[in-house]
Amino acid sequence: MTPLVQINHINKIYGNRKDVIEAVKDISLPVYEGETLGLVGESGSGKSTLGKLLIGLEAPTSGEITYRDKVLWKKKRFMRPRPGEIQTVFQDPQSSLDPRLRVKQIIFEPLSALPLKERKEKGSIERLHALVKRVGLKVEHLDRYPHEFSGGQRQRIAIARALITGPSFIVLDEPTSALDVSVQAQVLNLLKELKQENQLTFLFISHNMSVIRYMCDRIAVMYKGGLVEIDETKNVLNHPKHDYTKMLLSSMLKVN
Ligand SMILES: Nc1ncnc2c1ncn2[C@@H]1O[C@H](COP(=O)(O)OP(=O)(O)OP(=O)(O)O)[C@@H](O)[C@H]1O
């Protein structure tokens, strides 16, 4: 399999000389084209930080990330592969959707990064209508504001926004954690279907093992900023190698 993303010895340090937080410590891993790689670990283990390094929201302190063999970060600058190629869906659609914008404006937002010709093609009304219907919303929803929707519907808006540019890679950071269990299942199924239909690759961050088990081909386990284990989902779940993974699994399975 070809790695779409290759992370090589990545470190991310926050803070100043006195107060240093090593959020990500010497992580190396591939994300293969077409897979869903789950990223698990306790709160503060560095999952979101790693996700942010991949979408350009944080620059690594050292190390290298390549995307289709091209370096993503060069001297603290994010070298966007193709505008809109890498997208994200965050946990809380309440705070990630601008309350002052109508749904149509929210979904179209990422198109502003695209060249004019592509913006026109991707931003056609036919495409927009097909997309909102595909994510389970209605065309009349496009003129409404985020507060007029339920949590699940807001996450569908966030998914449409992520898809409008025609991405290949999506970082999903706890995309269903804020949702009720039944709504969570619907959104997870939608994500699975959309992944198939659009040949997407997912990095799926979650602390919920049932969700990870359902969604992911492989699992990477983070502990205190480092990577302790990475393998196929069934291997990590049935034969965890690292003591921390065993502990994490038993504590997670108790709450799930
Ligand atoms: N902008 C920041 N400035 C300083 N420290 C930060 C910043 N962002 C994250 N950290 C710290 O880096 C470490 C890793 O945080 P991160 O959010 O990546 O963990 P996480 O595994 O995603 O946790 P959670 O599951 O709670 O979201 C934590 O100690 C956190 O406090």
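In β9, which residue is the bridge partner of Ile86?

Guide: It is Phe169. This is a predicted model: local features need pLDDT of at least 70, side-chain atom pairs count only at pLDDT 80 or more, and totals for chains, interfaces and linings use all residues. Residues are numbered from 1 along each chain as its sequence is written.

Start with the setting. The protein chain has ten helices and twelve strands. These are DSSP runs, numbered from the N terminus: helices are H or I with at least four residues, strands are E with at least two. Buried residues are 38% of the 256 in the protein chain. Buried means that 20 or more other C-beta atoms, placed from the backbone, lie within 10 Å of the residue's own.

Now the strand. β9 spans residues 169-173, and five of the five are buried, so the strand is largely enclosed by the rest of the structure. In a regular strand, side chains alternate between the two faces of the sheet. Phe169, Val171 and Asp173 point one way from β9. Ile170 and Leu172 point the other way.

Next, the neighbours. Two strands pair if DSSP finds at least two bridges between them. β8, residues 86-89, is joined to β9 by four bridges, and the two run parallel. β10, residues 201-205, also runs parallel to β9, with five bridges joining them. There, Ile170 stands opposite Phe202. Between β9 and β10 the chain passes through helix α7, residues 181-198, in a right-handed β-α-β crossover. Right-handed means that, with the strands pointing away from the viewer, the path from the first strand over the helix to the second runs clockwise.

Notes:
A residue is buried if 20 or more other C-beta atoms lie within 10 Å of its own, exposed if 12 or fewer, and partly exposed in between; C-beta atoms are placed from the backbone.
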